[in-house]
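This report describes one protein chain and how its parts are arranged. Please look at the sequence and the model first; the text follows them.

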Amino acid sequence: MTILIIIAAIILLLAIWFNIPYSPVKTLFQNDVEARLQSAATLTNANADSSATISRTLDSAAIASLPPLIQKYLKTNGYIGSKRRTHLTMEYKDVDFGMGVNKPRLKIDYTHVDFADSPDRLAFIDSKMFGIPFQGYDYYMNGKGGMKGVLAKLFTLFDQTGPAMDKACLITYLAEAFFLPEALLKDFITFKQVDDHTVEATITNKGVTATGIFHFNDAYEMTSFTTNNRGQISPDGTIEYTPWEAQCENYKTYSDGIKRPTVFRAVWKNKDSDFVYFDGEISKVNGARLK
C-alpha cells in the first residue's frame, strides 16, 4: 500500500509539473528576448537623438539603394509607409515538425524574434512527446548559434553548438530577413540582383559569411530562399552540407495592411528525396493577424 501511495504521489507531482506554465527553457527564452528588446530600444533612441532626419516610417527614399526587385517587393506588399521596426516577432501554431528522416513527427507551437540592429535571432519550441512536455530553444546571439531540446522541462535531449551551428543560424536569419525590412538596410547584408525574379544575398557577421538566392514570382512575392551553405547537423553531431530551401506560399493581407505569406516551410533537398522538417501556417506577425 505504501509503495502505491508513493507511486501515486510521484505521478501527481509529475502531472502538476508538466502542466504548470513555468519552465526553465521558456524562462531563458523570455529573459533573453527581453534583454535584447531593451538593448534594441536603447540603440534606437540613441540614433534618434543623434539624427532627426531618420523617418519613423519606411519610405521610398530609405530603400532607394536596394536592388529594383527588392524595392518592388516592398512597395507591392505594403511595407512603404509602415512603421520601421527594431525587431520581428513571428508566431506559428500546430506546425508539422520532423525530428529527422523516418523519425516521428511532432505538432509544435513556434515563436521566433529577429532583431534588425544585428543578426540576432531567438526562437522557442513548445510541444509534447507521448504526453510529456518537449521544449526547444534555438538562438543566435553575438555570432554564436545553438539548438537545445529539453524533455519534461528538465532532461536535455540535445544541445548543439559550434561553427556549423553558428553558420546555420545565421542563414536562418537571412532567410527571414524579408519579413523585417529594416534588416535589409543594414550593412551586414548585401544584395545583387541576378535577373527579374532572383536576388543573391550575402550575410556576414563575426567573421562568418553565407550566401543564398531569393526567388520572386511575377506578383513580386518572395516565394523561396535557397542555399548550399547550410550544414545538416544530426543529433549525434555529424554534419552534411545539403541544399536547403525555405518556401513561402499563399500571400494574404494581415491586419496591419502588409501582405505576407501564410505558409512557411523549411526543406532539406536530400539526394533521394526532399525532407520537409518544418511545415507551418503563420498565425501572427508583430501582433498582426490575417484580416
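A residue is called buried when its relative accessible area is under 20%, exposed when it is over 50%, and partly exposed in between, with a 1.4 Å probe and protein chains only. By that rule, 45% of the 291 residues of the chain are buried.

The model is predicted: local features need a pLDDT of at least 70, side-chain atom pairs count only at pLDDT 80 or more, and totals for chains, interfaces and linings use all residues. Residues are numbered from 1 along each chain as its sequence is written, and side-chain values use heavy atoms, with hydrogens and water left out.

**Confidence and overall make-up**

pLDDT is the predictor's confidence in each residue, on a scale from 0 to 100. The chain averages 89, and 87% of the residues score at least 70. Over residues 8-18 pLDDT stays under 50, and the model has nine contacts there beyond four places in sequence; a contact means heavy atoms within 4.5 Å. Where pLDDT is low, the predicted coordinates should not be read in detail.

The chain holds five helices and 15 strands. These are DSSP runs numbered from the N terminus, helices being H or I of at least four residues and strands E of at least two. Among contacts with a separation of 6 or more, 48% join residues 24 or more positions apart.

**Strand pairing**

Two strands pair if DSSP finds at least two bridges between them.

| Strands | Bridges | Sense |
|---|---|---|
| β4 (residues 132-141) and β5 (residues 144-151) | eight bridges | antiparallel |
| β5 and β6 (residues 155-161) | six bridges | antiparallel |
| β7 and β8 | five bridges | antiparallel |
| β8 and β9 | eight bridges | antiparallel |

M147 of β5 is the bridge partner of D138 and stands opposite Q160 in β6. The hairpin of β4 and β5 has two residues between the strands, and N142 takes a positive phi near 55° in it. In the hairpin of β5 and β6, with three residues between the strands, A152 has a positive phi near 60°.

Strand β8 is mostly covered, with six of its eight residues buried. A hairpin of four residues joins β7 to β8, and I203 in β8 is the bridge partner of I189. On the β9 side, T198 stands opposite H215. The hairpin of β8 and β9 has two residues between the strands, and K206 there takes a positive phi near 55°.

**Helix α3**

Which residues of helix α3 (residues 68-76) are buried? They are L69, I70, Q71, Y73 and L74. Their cover includes α5 (181-184), β7 (189-193), β8 (198-205), β9 (208-216), β10 (222-227) and β13 (244-253). After α3 comes G78, with a positive phi near 90°.

**The loop at S118**

S118 lies in the loop between β2 (105-115) and β3 (121-129). Beyond its neighbours within four places in sequence, S118 is in contact with R36, Y173 and F188. The C-alpha atoms of S118 and T86, 32 residues apart along the chain, are separated by 9.9 Å.

**The largest pocket**

A pocket is an open set of points on a 1 Å grid over the protein atoms alone, where a 1.4 Å probe fits, with protein on both sides within 12 Å along at least five of seven lines; lining residues have an atom within 4 Å of a point. Grid points are joined across faces, edges and corners, and a volume is the space filled by probe spheres set on the points. The largest pocket holds about 1,100 Å³ of space. It is lined by 48 residues, of which F97, G98, M99, M147 and Y277 are the closest to its centre. Helix α4 (residues 163-175) gives the largest share of the lining, five residues.
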